[in-house]
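Please consult the sequence and the structure shown below while reading.

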Amino acid sequence: MQFKHVTLDFDGPVAILTLDHQEVMNAVSIDMLGGLAEALDEIEERKAEVRCLVVTGAGRAFCTGANLQGRNAQAKPGRSNAGAALETAFHPFLRRLRNLHCPIVTSVNGPAAGAGMSFALMGDMILCAKSAYFLQAFRRIGLVPDCGSTWLLPRLVGKARAIELSLLGEKLPAETALQWGLVNRVYDDAALKEETMKLAHDLANGPTVALAQIRKLYWDSPENSFEEQLNEEFQSQRIAGSAADFKEGVTAFLEKRPAKFKGQ
């Protein structure tokens, strides 16, 4: 399925969302964000079928940040339009990814800069090609990090590394990102797609209700006290335990066979 600068494909229970504006290395425009919103609408309409989402980029890049073409021409003298689209377009997309019903695998096939870096870090599992790199590009054009990067980065790599990336604006190679704990796995470029789909199908074949609750628990955890998190675990366990997949998981364990989860 084709939307504005976005392609959506389905491989069984796996949805594959591809940022596809190769002329600008998949830089994000308002048009692309509209296409992403439509693609997520389609995914949510197929909620019962889609059990994992892969997000990747077409061609040589994952996403090189916001598309700045024409920005200066649109700005009025004495006024800044920087950040105007954050709350109206970028933030709704990021919130929808956070609250998605299934695991997200980001397959970083090339540069992930600015907002593109934030998009990549929204993955529950972040897989990278060896040639990929991350870049907090904002300081290069006199702006501050956005799209949640000042929330995500300190929690993933600590304040010292987060602020270094943002103040210096230096490229972070995929293999260094792996050493820092920013991403999960790095593969040879030619192997990335196959390894991504292998992992995505493994997640898609898992207990959907439990995986959704696991996502929620880890997203909520940084804002909770220990007692609050204990309570959230209790509530989530009740939800997971009432699903048919829990019964199948226990039965399979007792029968010493692989579980056949149905996502129910």
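Does Cys-63 count as buried or exposed? With a relative accessibility of 0%, Cys-63 counts as buried, where buried means under 20% relative accessible area, exposed over 50% and partly exposed in between (1.4 Å probe, protein chains only).

The model is predicted: local features need pLDDT of at least 70, side-chain atom pairs count only at pLDDT 80 or more, and totals for chains, interfaces and linings use all residues. Residues are numbered from 1 along each chain as its sequence is written, and side-chain values use heavy atoms, with hydrogens and water left out.

**Surroundings of Cys-63**

Cys-63 lies in the loop between strand 4 and helix 2 (71-74). Helices (H or I, at least four residues) and strands (E, at least two) are DSSP runs, numbered from the N terminus. Leaving aside neighbours within four places in sequence, Cys-63 has contacts (heavy atoms within 4.5 Å) that include Leu-19, Met-25, Pro-111 and Ala-112.

**Strand 4 and its partners**

In strand 4 (residues 52-57), 6 of 6 residues are buried. Cys-52, Val-54 and Thr-56 point one way from the strand, whereas Leu-53, Val-55 and Gly-57 point the other way. The chain crosses from strand 3 through helix 1 (residues 30-45) to strand 4 in a right-handed β-α-β crossover; right-handed means that, with the strands pointing away from the viewer, the path from the first strand over the helix to the second runs clockwise.

Strands of a sheet pair through backbone hydrogen bonds, either parallel or antiparallel. Two strands pair here if DSSP finds at least two bridges between them. The table lists three pairings.

| Strands | Sense | Bridges |
|---|---|---|
| Strand 3 (residues 14-19) and strand 4 | parallel | 6 bridges |
| Strand 4 and strand 5 (residues 104-108) | parallel | 4 bridges |
| Strand 6 and strand 8 (residues 133-135) | parallel | 2 bridges |

Val-14 stands opposite Cys-52, and Val-55 stands opposite Thr-106. The bridge partner of Ala-112 in strand 8 is Phe-134.

**Packing of two helices**

Helix 9 (residues 208-220) and helix 10 (residues 226-241) pack at an angle of about 170°, with their axes 9 Å apart. Axes are lines fitted to C-alpha atoms, for helices over the stretch in contact, and angles run from 0 to 180 degrees between N-to-C directions. Helix 9 is therefore roughly antiparallel to helix 10, a term for angles over 145 degrees. Residues in this contact include Val-209 and Leu-217 of helix 9, and Glu-232 and Ile-239 of helix 10.

Definitions and conventions:
Parallel < 35°, antiparallel > 145°, perpendicular 65-115°, else oblique.
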